[in-house]
Amino acid sequence: MNTLPRSAPILLAAVLGLALARSVSACSCVADFGADKPCETYWGTDSLFLGRAISVEAVDDEEEGEIRLPPFWSRRFQFEVIEGFIGVEGPTVEVWTGSGGGDCGFEFKIGETYLVYSGRAKDGRLHTSICGPTQRASRAADAVAYARRVAEGTAQASLYGRVQLEQDSERMPTLADGVPGVTVDIEGPRGERFQVVTDQQGYFEIEGQLAGKYTLRARTPEGLPRIKPQTVEILPGRCAGALLEVPIRR
C-alpha cells in the first residue's frame with residue numbers, strides 16, 4: 001500500500017466551500033463540491049490573473065449604447081496585471097461586477113491586489129462576483145502557488161474526498177458531519193493500490209502521477225450501514241473529488 005502526501009487540493013472544498021459560501025442580502029451563493037480547491041478553481045475559470053485594482057467606473061445601459069448590460073454589471077474595474085495565468089494579455093484588464101449587496105457584486109478596493117477569477121461573456125468581457133473564488137492576494141497563497149506550478153509544468157494530480165454522514169435535502173453539510181478515522185482503499189486503472197485514513201473532519205487526499213479511473217471503497221465504521229463505493233476519473237495534471245456518505249437509516 002502507498003500513502004501519498006497531501007498538497008493544495010483536498011475535499012476541504014466539499015464542506016469548507018459550503019461553509020465559506022457567502023450570502024449578502026438577496027444574493028445567494030451555492031458552492032459546488034471542491035469549490036475552494038485551487039486545482040478545481042483553476043481549471044474551471046475562463047480568466048485568472050493576479051492584479052491591482054486601479055480604477056472603477058459606474059456604467060449603465062445608455063453609456064454602453066446598443067450593448068445590453070446584464071442587470072448585475074453596474075461597475076467596471078480596471079486592473080494592472082501583475083501576473084497573468086489564463087486568458088489575459090496586456091498590462092491592464094477590465095472586469096465587470098455588480099454594485100454589491102443583492103446583485104452579488106465584488107467589492108474591490110482601489111490599490112489592493114487580488115487573485116481574480118472571471119467568466120467571459122460572448123462579447124469577450126470578463127465578469128466576476130462574490131460567489132466565485134476571487135479573493136485578496138494575501139489570502140490566495142495556495143491558489144497562486146498552484147497556478148505557478150501549472151505554468152511551470154510541475155503541478156501534480158490529486159484525488160481528494162470526504163467521508164461524511166448522509167445529508168437530507170434541507171441542510172448543508174458541516175464540519176461536524178465528517179467521519180474521522182475511516183480507512184479508504186483506492187484502486188487505480190493499472191491495478192495500483194493506495195490507502196488513506198480520514199482526518200478529524202473526515203477529509204482525505206492522495207497526490208502524485210495520477211490519471212484515469214480510480215475506485216474508492218471506505219471501510220464502514222462499526223455499527224454503521226455500508227458506504228457505497230465510488231469511481232472517479234482524473235485527467236493528467238488535474239484533480240477529482242469523491243463524497244462518500246454513510247447512509248442514514250430512516
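**Figure 1. Pairing of strands S10 and S11.** Strand S10 (residues 183–187) runs antiparallel to S11, and five bridges join the two. Within this pair, Ile 186 has Phe 194 of S11 as its bridge partner. Strands are DSSP runs of E with at least two residues, helices are runs of H or I with at least four residues, and both are numbered from the N terminus. Two strands count as paired if DSSP finds at least two bridges between them. The model is predicted: local features need pLDDT of at least 70, side-chain atom pairs count only at pLDDT 80 or more, and totals for chains, interfaces and linings use all residues. Residues are numbered from 1 along each chain as its sequence is written, and side-chain values use heavy atoms, with hydrogens and water left out.

**Figure 2. The open sheet that contains S10 and S11.** Four strands, in the order S11-S10-S13-S14, make up this sheet with antiparallel pairing. Strand S11 (193–197) and strand S14 (230–234) stand at the edges with a single partner strand each, so one side of each has no neighbour in the sheet. From one strand to the next, the twist averages 25°, where axes are lines fitted to C-alpha atoms, for helices over the stretch in contact, and angles run from 0 to 180 degrees between N-to-C directions.

**Figure 3. The disulfide between Cys 29 and Cys 131.** A search of the whole structure finds two disulfides, a disulfide being a pair of cysteine sulfur atoms within 2.5 Å. In the link of Cys 29 to Cys 131, the S to S distance is 2.0 Å. This disulfide is left-handed because the torsion about its S-S bond is about -70°. The pair links distant parts of the chain, 102 residues apart: Cys 29 lies in the loop between strand S2 (27–28) and helix H2 (38–43), and Cys 131 in the loop between strand S7 (126–127) and strand S8 (135–136). Cys 29 is buried, with a relative accessible area of 12%, whereas Cys 131 is partly exposed at 37%. Buried means under 20% relative accessible area, exposed over 50%, and partly exposed in between (1.4 Å probe, protein chains only).

**Figure 4. The disulfide between Cys 39 and Cys 239.** The S to S distance of this disulfide is 1.9 Å, and with 95° about the S-S bond the link is right-handed. Distant parts of the chain are again joined, with Cys 39 in helix H2 and Cys 239 in strand S15 (residues 239–246), 200 residues apart. Both Cys 39 and Cys 239 are buried.
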